[in-house]
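Me: I have a chain to look at and some questions about it. Shall we go through them one by one?

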Amino acid sequence: MLKLMKGIVAAATLGYAATAFAFPINLESIEGTFKNAQGASVTYEQNGSEVYWGNPAHLDQRSGYQFDAFNPLPHQINDDSPFTLGKFTHVNMPVTGDTLTSVDLDVALGLEGGGNPEATFSFTHEETPNNASNPFEICIFGHCFVLWDQHNGPVADTVLFSNGIVSNEEFVFDGNMYSLELVGFANGTHELITDEKSINSVDLLAKLTARSVPEPGTLALLGLGLAGLGLARRRKV
């Protein structure tokens, strides 16, 4: 029984030790495609890596989102620290008509050796009028009030990373189970605020975590060990 227990411990140790060989991973390609736009009729451009909406005063002044994959590639991922997938850009221009309310960005990775994990960022868009009174806060003796500027002017639009702090997608690659986690914006928040007639960019971050996938022999040994422990317990009873 002691030998059996040692075998079980050894098998479990090997399983955990295998995760030490889960890194580094070479990231060879990154593709981002916008889809599932809601709230407005949109135009997808550059193979889906850009999306635009609204009726602009000039054809080259539409509002939109753009995704530019991290460069240069290949890029080596050495551990489970966040890494940059690419740059997300918000183009905020004065437009009329229906405006975007939400859109997804599907991200597909290409790993050296054939791994192709995918995951999806979901964004919520908060559009403001092209001209509106601007709120501002004033505090007197510890009491704060929100007032409105009498002069009309542009108000910033906001992009929210709406699927929370993490979105997980699991996949098996080279004998390990990985979780692709979409962390969000690199600015440390889940929102990107862009002034009217401005362009604002921020990096999109993700990370990989790994755990080993036990080999069939390891699973058999663990099963045998559990069965042996159960039999030993019955004999004692």
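This is a predicted model: local features need pLDDT of at least 70, side-chain atom pairs count only at pLDDT 80 or more; totals for chains, interfaces and linings use all residues.

Me: Which strand does Asp-104 lie in?
Reply: Look at residues 102–111. Asp-104 falls within that stretch, which is strand β9.

Me: How far away is the nearest side chain of opposite charge to Asp-104?
Reply: Asp-104 is buried, yet it has no salt bridge. A salt bridge needs the charged atoms within 4 Å. The nearest side chain of opposite charge is that of Lys-35, at a distance of 8.2 Å.

Me: How many bridges join β9 to β10?
Reply: Strand β10 covers residues 118–126. It runs antiparallel to β9. The number of bridges joining β9 to β10 is seven.

Me: Which strands stand at the edges of the open sheet?
Reply: Six strands form this sheet, in the order β6-β1-β9-β10-β13-β16, with antiparallel pairing. An edge strand has a single partner, so one side of it is left without a neighbour in the sheet. The edge strands are β6 (75–77) and β16 (191–194).

Me: By how many degrees are neighbouring strands of this sheet turned against each other on average?
Reply: Direction is ignored here.

Me: What percentage of the chain counts as buried?
Reply: The chain has two helices and 17 strands. It holds 237 residues. The share that counts as buried is 35%.

Methods: Residues are numbered from 1 along each chain as its sequence is written. Side-chain values use heavy atoms; hydrogens and water are left out. Helices (H or I, at least four residues) and strands (E, at least two) are DSSP runs, numbered from the N terminus. Buried means under 20% relative accessible area, exposed over 50%, partly exposed in between (1.4 Å probe, protein chains only). Lys and Arg count as positive and Asp and Glu as negative; His and the chain ends are not counted. Two strands pair if DSSP finds at least two bridges between them. Axes are lines fitted to C-alpha atoms, for helices over the stretch in contact, and angles run from 0 to 180 degrees between N-to-C directions.
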